[in-house]
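The structure comes first, followed by the terms and the details.

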Amino acid sequence: MRQENQTLIVESSADEAEDQLEAFLRHYLDLNRDLAAILDAVDIDPFIHRSIETFRGMRILNQEVWECLASFILSQNNNVPRIKGIIRTISTRFGEKIALDDLVDYSFPTPQSLADAGVETLYDCGLGYRAPYLWTVSSTIAAGKFDPEGLKSRPYAEAKQELMGFKGIGEKVADCICLFSLGHVQALPIDVWVKRIIEQLYLKREASIREIRRFAEDYFGEHLGYAQQYLFHYARTVGLENLLESEG
């Protein structure tokens, strides 16, 4: 994909008709959501205003549920380069080869392929203690006992609670899945960065996860997930200290 002025140019190896591919991309890139209205609603202080002005146009993807679920299980207590490396390894070993012109890559593995691989093989792929978590979810889906796509029709609280029924999916990972694949833009994944942002910018003190969640929900409202993502991305890429400067 590449953007030329106001046009998005897409080349794909998919077999779908052009209108099907466009519908998929509009959903995946969240283009059907009124981003301008959301940003206007959450642009309520100098911190979020600077974040929005710096990264205006950034959208939260609607990722495929299974891939998102599995990836966030692998993200626990892990850094981005290592997460990418693990995903690359399991995709190469258990995914299907796909090609576009001279580019060759591999699809994300299906639940069945990971279930068939077994826990010990997943350990060999560098998953560490996450191996049994991913294998259990994969096996449950492969056996037809859990349908991740079915979560799309559930309200936020129900979807989150069902996800947390799996060992290895706590509140933060469940919220990530709800926000990044189920379209629940009121979800708030709280990691060390989000905790630091709310404490330093707003509360001016250390706070519990429950206090941070209650404050953020009351303050930003129903589009909390988008507000969090703009603040998070600014703090990670530009620096939290730059946001603190905008307070004056």
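A salt bridge is a side-chain nitrogen of Lys or Arg within 4 Å of a carboxyl oxygen of Asp or Glu. By this rule the structure holds 14 salt bridges. The model is predicted: local features need pLDDT of at least 70, side-chain atom pairs count only at pLDDT 80 or more, and totals for chains, interfaces and linings use all residues. Residues are numbered from 1 along each chain as its sequence is written, and side-chain values use heavy atoms, with hydrogens and water left out.

**Individual salt bridges**

- R2 and E11 are joined through their side chains by a salt bridge with an N to O distance of 3.6 Å.
- R2 is partly exposed at a relative accessible area of 42%; on this scale buried means under 20%, exposed over 50%, and partly exposed in between (1.4 Å probe, protein chains only).
- D30 and R33 form another salt bridge, in which the closest N and O atoms are 2.9 Å apart.
- D30 is buried, with 5% relative accessibility, while R33 is partly exposed at 26%.

- Helices here are DSSP runs (H or I, at least four residues), numbered from the N terminus.
- K160 counts as buried, at 10% relative accessibility, and E171 as partly exposed, at 33%.

- E199 is part of helix α11, which covers residues 192–203.
- With a relative accessible area of 12%, E199 is classed as buried.
- The side chains of E199 and K195 make a polar contact of 2.5 Å.
- A polar contact is a pair of N or O atoms within 3.5 Å; within protein, one must be able to donate a hydrogen and the other to accept it, and residues adjacent in sequence count only if both atoms are side-chain atoms.
- A polar atom of the E199 side chain also lies 2.8 Å from the backbone nitrogen of A207.
- Apart from neighbours within four places in sequence, E199 is in contact (heavy atoms within 4.5 Å) with K204, R205, E206, A207 and I212.

Technical notes. Helix = DSSP H or I, 4+ residues; strand = E, 2+ residues; numbered from the N terminus.
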